[in-house]
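Let's take a walk through a protein model together. Have a look at the sequence and the 3D view first, and then we will go through some of the details.

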Amino acid sequence: MRASAVIEQPNMNEPLAQLFQRLLDELEQPESVEWDAQESTLNPAIYSDPAILQKEIDRIFRRVPLCLGHADQLREPGSMLARDLFGLPLLLVRDRAGEINVFLNVCRHRGARLVAGEGEVCRASTLSCPYHAWTYDLNGALRVVPGAEAFPTLDKATRGLRRLPATVRHGLIWALMDPQQSVIDVAGFLGGLDEDLAALDLKSHCFYRQHARKRKTNWKLMMDAFQEVYHIKRLHARTIAPFFLERKAAGEGVGPHTRILVGRDRFAEARDLPPQQWDLRRHATLTHVIFPNSLIIYHPDSTSHMGMFPTAPDEILFVHTLFIPHEPRNDKERGHWARNFAMIDEGVFGAEDLFISEQIQLGVRSGANDSFVLGRFEQHLRRFHEHIEAMLRGNDDS
Ligand code: FES
Ligand SMILES: [Fe+2]
């Protein structure tokens with residue numbers, strides 16, 4: 001994950017520059033101004049209780065825009081991807097006008113899945129049901145009903161595919177998991193992070209690869225793992241630890257979201273550079289924690305999006321997508337991105353962060369801990385869990 005020459009450095013907006021400055025200011029300090037005054041605790045039951053997960057789905061996951069990946073994954077008109085989330089069979093489709101639609105992958109005749117399987121991008125010019133061949137266009141309109149004389153009162157206009165509110169913003173696909181809603185406001189939901197994402201220009205990046213798999217961990221354990229730097233030197237000792245300073249991070253809450261900047265091994269170089277030469281990816285690594293279940297990590301020359309989609313209290317569908325600044329142009333670049341993806345996806349995330357989350361899950365119900373203790377520098381986890389608790393209580397102002 002070392003910087004290579006292939007990336008154009010992204011610009012920083014003002015909040016990111018200020019965060020960078022704060023990290024520089026605190027480089028020699030034993031602690032940060034943002035640390036909590038005291039330790040706090042978490043109840044381990046939040047990771048295993050089915051009733052809590054059901055509330056999280058009803059009161060959080062079905063109510064806020066969720067990021068489903070990068071629009072460039074569906075590059076050509078007619079590209080489509082089936083994905084089942086929260087009991088909803090979804091079908092993401094790029095139409096002829098270039099718009100991305102998110103439909104329920106359910107035929108309006110007698111309910112067959114239109115696209116079988118899950119997770120593979122395929123292409124078609126229409127959506128034809130495998131059962132009786134009702135056929136929809138890429139906008140979801142019902143176009144063909146074989147044996148139409150048997151449906152004399154059928155109004156095709158009312159039998160188009162059901163759609164979820166969805167949009168593309170900053171190159172990312174967002175959808176609201178509620179077919180009863182019609183409006184999605186991603187900019188309003190992102191608040192201050194909207195400008196960060198614009199400054200980082202993800203929409204100019206290309207899709208490289210996606211790896212989705214089920215793993216036996218509560219979704220919040222994986223979100224926790226990316227909101228502190230306490231573990232980097234130990235858990236990631238064999239992969240990325242040498243690239244990072246010991247426990248040097250500056251972060252802040254942005255509504256329910258968080259931005260965290262972690263000092264890389266060469267961060268101290270930036271002290272002698274004018275601000276216009278500060279480099280967000282070379283000197284540091286930025287993470288956006290987008291509430292509730294998305295993480296974006298800005299590696300030196302690629303970007304990861306991770307989505308944590310709970311399928312059970314102790315299981316997630318973990319969807320990792322890597323974006324790169326441009327298509328690989330030769331074998332050297334192809335080899336570089338292949339190694340890059342393998343190290344990040346299988347090495348760091350799979351064998352380390354997911355591994356330790358699964359290890360925690362195995363012991364959550366053991367009774368060993370009636371509370372987990374958070375150190376003063378684990379304040380972002382504390383805030384994350386407070387936002388969840390507030391939403392579960394029904395406090396939508398959180
Ligand atoms: S269920 Fe799709 S055409 Fe009959
Ligand atoms: Fe980690």
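Does Tyr 230 count as buried, partly exposed or exposed, and at what relative accessibility? Keep in mind, as we look, that this is a predicted model. Tyr 230 has a relative accessibility of 46%. Buried would mean under 20% and exposed over 50%, so Tyr 230 counts as partly exposed.

Tyr 230 also has an aromatic partner. A pair of aromatic rings is described by the distance of the centres and the angle of the planes. Tyr 230 and Phe 377 form a tilted pair, with 4.6 Å from centre to centre and 55° between the planes. Tyr 230 sits in the loop between helix H5 (219-225) and helix H6 (232-235), while Phe 377 sits in the loop between strand E20 (372-374) and helix H8 (379-393), so this pair ties together parts that are 147 residues apart in sequence. Phe 377, with 23% relative accessibility, counts as partly exposed too.

The structure holds 14 aromatic pairs. Ring pairs also link Phe 61, Phe 86, Trp 219, Phe 291, Phe 309 and Phe 384 into a cluster.

Now turn to the metal. Which residues are the protein donors of the iron ion (ligand 2)? They are His 231 and His 236, each through NE2, and Asp 353 through OD, lying 2.1 Å from the ion. Along the sequence, these donor residues follow the spacing H-x4-H-x116-D. Both His 231 and His 236 are buried.

Next, find the open sheet. Seven strands form it in the order E13-E19-E18-E17-E16-E15-E14, with antiparallel pairing. Strand E13 (206-215) and strand E14 (244-254) stand at the edges with a single partner strand each, so one side of each has no neighbour in the sheet. On average, neighbouring strands here are turned by 15° against each other, direction ignored.

Let's zoom in on one pair of strands. Strand E16 (residues 284-290) and strand E17 (residues 294-298) pair in the antiparallel sense over five bridges. Here, Leu 286 stands opposite Tyr 298 in E17. Finally, helix H7 (residues 331-364) packs on the sheet, touching E13, E17, strand E18 (303-312) and strand E19 (315-324). The direction of helix H7 makes about 25° with that of E13.

How values were computed. Residues numbered from 1 in each chain as written. Chains lettered and ligands numbered in written order. Predicted model: local features only at pLDDT ≥ 70, side-chain atom pairs only at ≥ 80, totals over all residues. Heavy atoms only, no water. Pairing = 2+ DSSP bridges. Helix = DSSP H or I, 4+ residues; strand = E, 2+ residues; numbered from the N terminus. Axes fitted to C-alpha atoms, helices over the stretch in contact; angles between N-to-C directions. Contact = heavy atoms within 4.5 Å. Phe/Tyr/Trp six-rings, centres within 6.5 Å; stacked < 30°, edge-to-face > 60°. Buried < 20%, exposed > 50% of the residue type's maximum accessible area, 1.4 Å probe, protein only. Donors = N, O, S within 2.8 Å, 3.2 Å for Na, K, Ca; no water.
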